[in-house]
Amino acid sequence: RFFSFFHPALEDEPIIFVQVALTKDLGKSVQEIMKPNSDFEKKYDTATFYSISNCQEGLTRVTLGNFLIKRVIFEIQEELPNIKKFGTLSPIPGFAEWFNYCDRKKIESILGKSSSDMSFLKSVDFKAGDTRIIDNKKNITKLVAHYLINEKNPDGLPTGDVTRFHLRNGATINDIVVNADISDAGFKRSFGVMVNYLYELNDIEKNHEDFVNNKKVIYSSELKKFL
């Protein structure tokens, strides 16, 4: 499904749009959910938002995305009552850059007892399909969890703008997915790692208030073991 906000002054040019894949549980690979699928009998139970794009540079700081997501959830519920779960498969734009600036001591302090040499992530020949990704999946997940939850701006909010966007909308950081985006762009920004943000309909307003008023980062119990 594709949903957009339009304005009469811009004719047929969207202001912002979101792409939604119907999946069984939250999507774990952006390449998989973008494949054409003619299996109409498949029992989907989840709407996975995998691309939210602001099309107008002049409106980049206008928070239209949160209104669009809430409207899309309503529209999907009306059309497809079997869809019970809503969430995202989202990029981590600043993770690779952050890691490349970290020194060895900081990486070791984050990884703790499971510390191992993660310098291969900085190697010029590192690319999709490298077996060291799976071999070090736990360490990579630990590093990403730390980046998403503990790395903060001077204002006390998470460093990642995508993270701030979804937490401000009332989402939960639900899962970290290694090898979720094996494109060149996916490797450049986060070594192919992506995040599932979950929109629990009963918790959205409370999560939003906790984040806006108390700067509280809400994340799943599954991620606690990586911190």
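Predicted model: local features only at pLDDT ≥ 70, side-chain atom pairs only at ≥ 80, totals over all residues.
Helix H7 itself spans residues 161–168. Val162, Thr163, Arg164, His166 and Leu167 are buried there. Two of these, Arg164 and His166, share that burial with Val162 and Leu167.

H9 covers residues 204–214, and its buried residues are Ile204, Asn207, Asp210 and Phe211. Viewed down the axis of H9, these residues fall within an arc of 135°, so they line one face of the helix.

The face of H9 turned away from the buried side carries Lys206, Asn213 and Asn214, which are exposed. On the buried side, the packing partners are H7, strand E5 (172–177) and strand E6 (194–199). Just past the end of H9, Lys215 has a positive phi of about 55°.

## Positive phi in two loops

Most residues other than glycine have a negative phi. Asp25 is not a glycine, yet its phi is positive, at about 65°. Asp25 lies in the loop that runs between strand E2 (16–23) and helix H1 (30–33). Its relative accessibility is 36%, so Asp25 counts as partly exposed.

Asn179 is also not a glycine, and its phi is positive, at about 60°. The loop that holds Asn179 lies between E5 and helix H8 (184–190). With 27% relative accessibility, Asn179 counts as partly exposed.

Where is Gly192 found? Its place is the loop between H8 and E6. Buried or exposed? Gly192 is buried, because its relative accessible area is 0%, and the cut-off for buried is under 20%.

Contacts of Gly192 reach beyond its sequence neighbours. With those within four places left aside, Gly192 touches Val177, Val178, Asn179, Ala180 and Asp181, along with Gly186 and Phe187. Ile182 is 10 residues away from Gly192 in sequence, and the C-alpha to C-alpha distance between them is 5.4 Å.

Key:
Residues numbered from 1 in each chain as written. Heavy atoms only, no water. Buried < 20%, exposed > 50% of the residue type's maximum accessible area, 1.4 Å probe, protein only. Helix = DSSP H or I, 4+ residues; strand = E, 2+ residues; numbered from the N terminus. Arc of directions from axis to C-beta. Contact = heavy atoms within 4.5 Å.
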